[in-house]
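I opened the model to look up its salt bridges, its fold and its surface. My entries follow the order in which I checked them.

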Amino acid sequence: MLVDSLDQAEAGHVVRILVVGPHGIGKTRLLAEVGRVAFERGATVRYARGDGPVPQGTATGAALLVYDDLQEATLDSLETLTAGVEAAGPPALLLFAAVESELSQAQRFLVRGLADVRLQLRPLATDEVATLVRLYVPDAQLPQALAQVE
C-alpha cells in the first residue's frame with residue numbers, strides 16, 4: 001500500500017497517510033523502509049519526529065515527508081504542520097505516525113486532519129506468527145520454534 005502511494009506521488013499526486021499503532025509495533029521501521037525506497041527512486045526525503053521542526057525545503061521531483069511520533073508534538077507544532085500539509089503541492093507522499101492512545105483530544109483532532117488514509121498496525125495473531133516462523137526458520141528447528149509460538 002505505501003509503495004503504491006509512492007507511485008501515486010511520483011505520478012503527480014499528493015498522498016497523505018497516518019500510520020497508527022502501539023509502541024514497538026513497527027511504525028517507524030515501516031516509515032523508514034518507505035523512505036529507503038523513495039530515496040532509491042531519487043525522491044527528496046525529509047524526516048522529523050515528535051516536537052521537532054517541520055521539515056522545510058523545496059524538492060525537485062517527488063518528495064516524501066515523514067513525521068513520526070506525533071503524540072509527542074505540541075498543539076502549536078501540529079497546527080504548523082497542518083498548515084504546511086494543506087499547502088503541500090504535488091508530487092508528494094506525506095507519512096505520519098502516532099501512538100493514537102497517547103494523543104490528547106486536541107492532538108487527535110489535529111492529527112486526524114493531516115491524512116486522507118489511516119493505516120492501523122496491530123499485533124499479529126498466533127497463526128500469522130506461525131506462518132512467518134515457517135518462512136524463516138530452518139526445517140530442523142521448526143518444531144521447537146513453533147512450540148514457542150503457541
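Which side chain does glutamate 40 meet in a salt bridge? I found arginine 36, at 3.1 Å from N to O. A salt bridge here is a side-chain nitrogen of Lys or Arg within 4 Å of a carboxyl oxygen of Asp or Glu.

Before going on I noted the basis: this is a predicted model, where local features need pLDDT of at least 70, side-chain atom pairs count only at pLDDT 80 or more, and totals for chains, interfaces and linings use all residues. Residues are numbered from 1 along each chain as its sequence is written, and side-chain values use heavy atoms, with hydrogens and water left out.

**Helix H2.** I placed glutamate 40 and arginine 36 in helix H2 (residues 27–40), four residues apart, about one turn of the helix. Helices are DSSP runs of H or I with at least four residues, strands are runs of E with at least two, and both are numbered from the N terminus. Glutamate 40 is exposed at 55% relative accessible area, while arginine 36 is partly exposed at 39%. The cut-offs are under 20% for buried, over 50% for exposed and partly exposed in between (1.4 Å probe, protein chains only). I also found a salt-bridge network that links Arg29, Glu33, Arg36 and Glu40.

**Other salt bridges.** My search of the whole structure gave eleven. One of them joins arginine 16 to aspartate 116 at 2.9 Å, N to O. This pair links distant parts of the chain, 100 residues apart: arginine 16 is in strand E1 (residues 14–20), and aspartate 116 is in the loop between helix H4 (105–112) and strand E5 (117–120). Arginine 16 counts as buried because its relative accessibility is 16%, whereas aspartate 116 is exposed at 56%. I also logged glutamate 128 with arginine 122 at 3.0 Å, N to O. Glutamate 128 is partly exposed at 27%, and so is arginine 122 at 49%.

**Fold.** I counted six helices and five strands, in the order α-β-α-β-β-α-β-α-β-α-α. The C-alpha atoms fill a box of roughly 55 × 35 × 20 Å along the principal axes. Of the 150 residues, 41% are buried.

**Surface.** I found a nonpolar patch of Leu124, Leu132, Leu135 and Tyr136. Such a patch joins nonpolar side chains (Val, Leu, Ile, Met, Phe, Trp, Tyr) within 5 Å, from residues with over 30% relative accessible area and no salt bridge. Tyrosine 136 lies in helix H5 (residues 126–136) and is exposed at 67%.

Note on methods:
Patches are made of residues with over 30% relative accessible area and no salt bridge: like charges are joined within 9 Å, nonpolar side chains (Val, Leu, Ile, Met, Phe, Trp, Tyr) within 5 Å. Accessible areas come from the Shrake-Rupley method with a 1.4 Å probe; for residues, only the protein chains shown count as cover.
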